[in-house]
Amino acid sequence: MTSRKPDEPLARNSRLRLVRPRSLATARRAVTTRRTRPAPRPPEGTPPRAELARQARHVLADAVRIARWAAVEGGARTAPRTGPGAVPPQERAAAALDLTPGQVRAGWDRARLAGLVELHGDTARPGWRLHAWDRDDSAVLRGWVALFDAWSLVHPAPEGVAPGAVAEVVEAVPQVLSLLQLSQGPVPVPALLDLLGQRVEELRGERCEVPAPEQAPEVPAVPEAPAGGGTAGLPALLDWALEGLAAVGALTLDPGTGERHATLTPLGNWAVWVKLEQICVAAQSPAGNIEQSAEDMLRGCARLTPGPARDEYRAWLAARTLSSAVAELLAVARGEDALLRGLAFEALRVVGAPAEAEVRATVAEPPLRPYALLWLAEYEGADPDDAQEVLTREEATWLWVDTAAAVADHGESALLVRHLDSAVQGTVPALLDEVRAVGHPRTVQVLVALAAAHPDPALAKAVRRAAFQVHTGGA
């Protein structure tokens, strides 16, 4: 007669079996009903998406060639090879593609900024957008928009200009683009210069702070504004900005007969319209989170269904520099509120490529690792329903407990019971064993809440016993 393991009766009890496990993405969708508002229509005369994608492919043609060359090389090394006869990768690419080294460097920068290649140490690998380039117009347009957002990195700023002045112009350029978009045609560069000067003065006024009297002797004197209304040097910086935007295909510069004119390309016009629409969503949104901190914005979005929440994320991001927005979202994700942690990564999904490096760095942080791995998997093209396969069993269990903590803190009891369905384990005993082993700081609270919420007495008893064992340090 064979002996029976202590947990075997529990495992055989059908009431303690979980339903077939569902993916975490499916479980997230089950919590709320997805509703989408009708997509706003672009301005009349905007080419179809297929034509916009064709134009974007043309702008990034050299970048795609270089990225594919790197892929064929089996992962091009970005660091120079050593030893006799070693040829730098730029020269090898130039020879293979019949380009100049300068064209290779420019194309390589574009490929990186557009997400066509990814850097892993000193090795470059093809990005997911490169794999989807010929078949996915949305991926192409997202790649071009990433390049458009990084226009100031594509074209070096004039030498001898203070970094603060460059930053002011970068911050003021959206106003210039808005004028170009509203004009629906060529705009004289002098008119753009007047607008740029006004916007720069506004930005300086917004940052101006009068020091308290007792602090005045210790604060360095602020240089006086240059003559000419503080716009000295702006013509050269405006030229730099227009040339940078022209370099990424957002506008064209016409010398004209008397004065130069700038005109948005169809791609540029569409991109500016998209960003203006994001800001309008914020102004008209019921939540109105555009001026809130990341934490308050996410708390406000917790009451929204996923579609409207994404609109809020886009609007909030459109009003900030991406680097500061990503840093603020990750700071919230590192906090104690599990709900905000999950929502922060949902907002980072809206950010996309510009957040990749910062998200990849959080893989080394255990509380953020499962979220970061799922984000990266979806970013690289995995279906959300399949992305959880990148997680180990331990990571999936940690994420299950973290999500349960969010539901326990902010959701209803029924949602916590339904959350059982998303566990990767097939039975409650197996789930409890692995939950105890994973060491999440909220394990006891989650198990106590689940035991109180579940209507099945046998399951509730097993969960309460597990909570007691974790609390007392028992096996």
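This is a predicted model: local features need pLDDT of at least 70, side-chain atom pairs count only at pLDDT 80 or more; totals for chains, interfaces and linings use all residues.
Start with the inside. In soluble globular proteins, nonpolar side chains tend to end up buried together. Here the largest nonpolar core has 60 residues, and the members touching the most others are L116, W144 and L180. Leaving aside residues up to four places away in sequence, L180 is in contact with G185, V187, L192, L251, A262 and L264.

Next comes a helix pair. Helix 15 spans residues 306-318 and helix 17 spans residues 338-351; their axes come within 9 Å and cross at roughly 65°. Angles of 65 to 115 degrees count as roughly perpendicular, so that is how helix 15 and helix 17 sit relative to each other. The crossing of helix 15 past helix 17 is right-handed. On the helix 15 side, the contact is made by R310, Y313, R314 and L317, which meet L343, E346, A347, V350 and V351 of helix 17. Sorted by type, the residues of this contact come out as six nonpolar and three charged, with no polar ones.

Most residues other than glycine have a negative phi. Q184, though not a glycine, has a positive phi, near 55°. Q184 lies in the loop that runs between helix 10 (163-183) and strand 3 (187-188). Is Q184 buried or exposed? Its relative accessibility is 70%, and exposed means over 50%, so Q184 counts as exposed.

Key: Residues are numbered from 1 along each chain as its sequence is written. Side-chain values use heavy atoms; hydrogens and water are left out. A nonpolar core is a set of buried Ala, Val, Leu, Ile, Met, Phe, Trp, Tyr and Cys residues joined through side-chain atoms within 4.5 Å. Buried means under 20% relative accessible area, exposed over 50%, partly exposed in between (1.4 Å probe, protein chains only). Contact means heavy atoms within 4.5 Å. Axes are lines fitted to C-alpha atoms, for helices over the stretch in contact, and angles run from 0 to 180 degrees between N-to-C directions. Helices (H or I, at least four residues) and strands (E, at least two) are DSSP runs, numbered from the N terminus. Angles under 35 degrees count as roughly parallel, over 145 as roughly antiparallel, 65 to 115 as roughly perpendicular and the rest as oblique. A crossing is left-handed if the near helix is turned anticlockwise from the far one by less than a right angle, and right-handed if clockwise. Ala, Val, Leu, Ile, Met, Phe, Trp, Tyr, Cys and Pro count as nonpolar, Asp, Glu, Lys and Arg as charged, and the others, Gly among them, as polar.
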